[in-house]
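Please open the model in your viewer and keep the sequence panel beside it. The tour moves from one selection to the next and says what is to be found at each stop.

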Amino acid sequence: MQNDSILQDLQKTGLFMMEKNLAWGTAGNISAKCEDGYLISATGTYLGELEVEDFAYCQGGEHLAGKKPSKEYVMHEGIYEQRPEIGAVLHSSPFYSTLIANSDLHLPSNYFVESMYYLERMVRIPYYQPGSKELAQAVKERAKEANVFLLENHGIIVCDVNLKEARTALQTLEYTARMHITALEKGITINGLSDDTVHQFLHHSGYKPVRQWGEPKQ
């Protein structure tokens, strides 16, 4: 994919996130692999109105071209370094997903087909200041364990092989979080699928490629 196509896909992704209530204000940043580095939204940008010039090109921990990148660009880079197959990273703070991240609630992934796949692994990251080296390092250390990260008192990160899959993962996360919290509010018991059924689906249904995960940090 050429740079122009990647930029257009990033613009489309930012607009999608705003229209689907998956981001708000200037909170959040998005990126996609490009050549030997990656393109990331610039600092202070509104994701729903991204222009072509509202991106930075970064590589090897350096800002090489474009506007000043989001201060969290090192966090994105850590994921790309640890996960060569990852092609896109989305960071935002959608309401229900962030409510899960800000609480002790456990979000099950066994509710329906998409949640079983896209939410197969979720990792909690303790609070560190946004844009800090500590936050970037904490995410990098656990990047191989999951594609969904709940940043406590901050927001969420999803990553996937491309922007389309990352958008789907983000929408699935927020939809599932909303379903879970609504069920709790209404006193509804959701009948989740068994561990065996989930395993059979992930490994034998042919729905999507089986993912390989790193060992959880002790």
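**Starting at strand β7**

Select residues 148-151, which form strand β7, and look at both of its faces: Val148 and Leu150 on one side, and Phe149 and Leu151 on the other, are all buried, where buried means under 20% relative accessible area, exposed over 50% and partly exposed in between (1.4 Å probe, protein chains only). Strands here are DSSP runs of E with at least two residues and helices are runs of H or I with at least four, numbered from the N terminus. This is a predicted model, in which local features need pLDDT of at least 70 and side-chain atom pairs count only at pLDDT 80 or more, while totals for chains, interfaces and linings use all residues. Residues are numbered from 1 along each chain as its sequence is written, and side-chain values use heavy atoms, with hydrogens and water left out.

Isoleucine 125 has leucine 151 of β7 as its bridge partner. Between these strands the chain passes through helix α5 (residues 133-141), and this β-α-β crossover is right-handed, that is, clockwise from the first strand over the helix to the second when the strands point away from the viewer.

Now select strand β8 (residues 155-160), which runs antiparallel to β7 and is joined to it by 4 bridges. Here isoleucine 156 in β8 stands opposite leucine 150, and in the hairpin, which has 3 residues between the strands, asparagine 153 takes a positive phi near 55 degrees.

**A buried asparagine**

Go back to the loop between α5 and β7 and select asparagine 147, which is buried with a relative accessible area of 4%. Which side chain makes a polar contact with the side chain of asparagine 147? The partner is arginine 83, at 2.7 Å; a polar contact is a pair of N or O atoms within 3.5 Å, of which, within protein, one must be able to donate a hydrogen and the other to accept it, and residues adjacent in sequence count only if both atoms are side-chain atoms. Leaving aside neighbours within four places in sequence, the residues in contact with asparagine 147 include Ile86, Arg121, Asp160 and Trp213, contact being heavy atoms within 4.5 Å.

**The whole sheet**

Move to strand β1 (residues 29-34) and strand β2 (residues 37-41), which run antiparallel and are joined by 4 bridges. Lysine 33 stands opposite tyrosine 38 in β2, and the bridge partner of tyrosine 38 in β3 is cysteine 58. In the hairpin of β1 and β2, with 2 residues between them, glutamate 35 in the turn has a positive phi of about 55 degrees. Of the 5 residues of β2, 5 are buried.

**Ending at helix α6**

Finally, select asparagine 162, which caps the N-terminal end of α6 with a side-chain oxygen 3.2 Å from the backbone nitrogen of lysine 164. Just after α6, glycine 187 takes a positive phi of about 70 degrees.

Notes. Two strands pair if DSSP finds at least two bridges between them.
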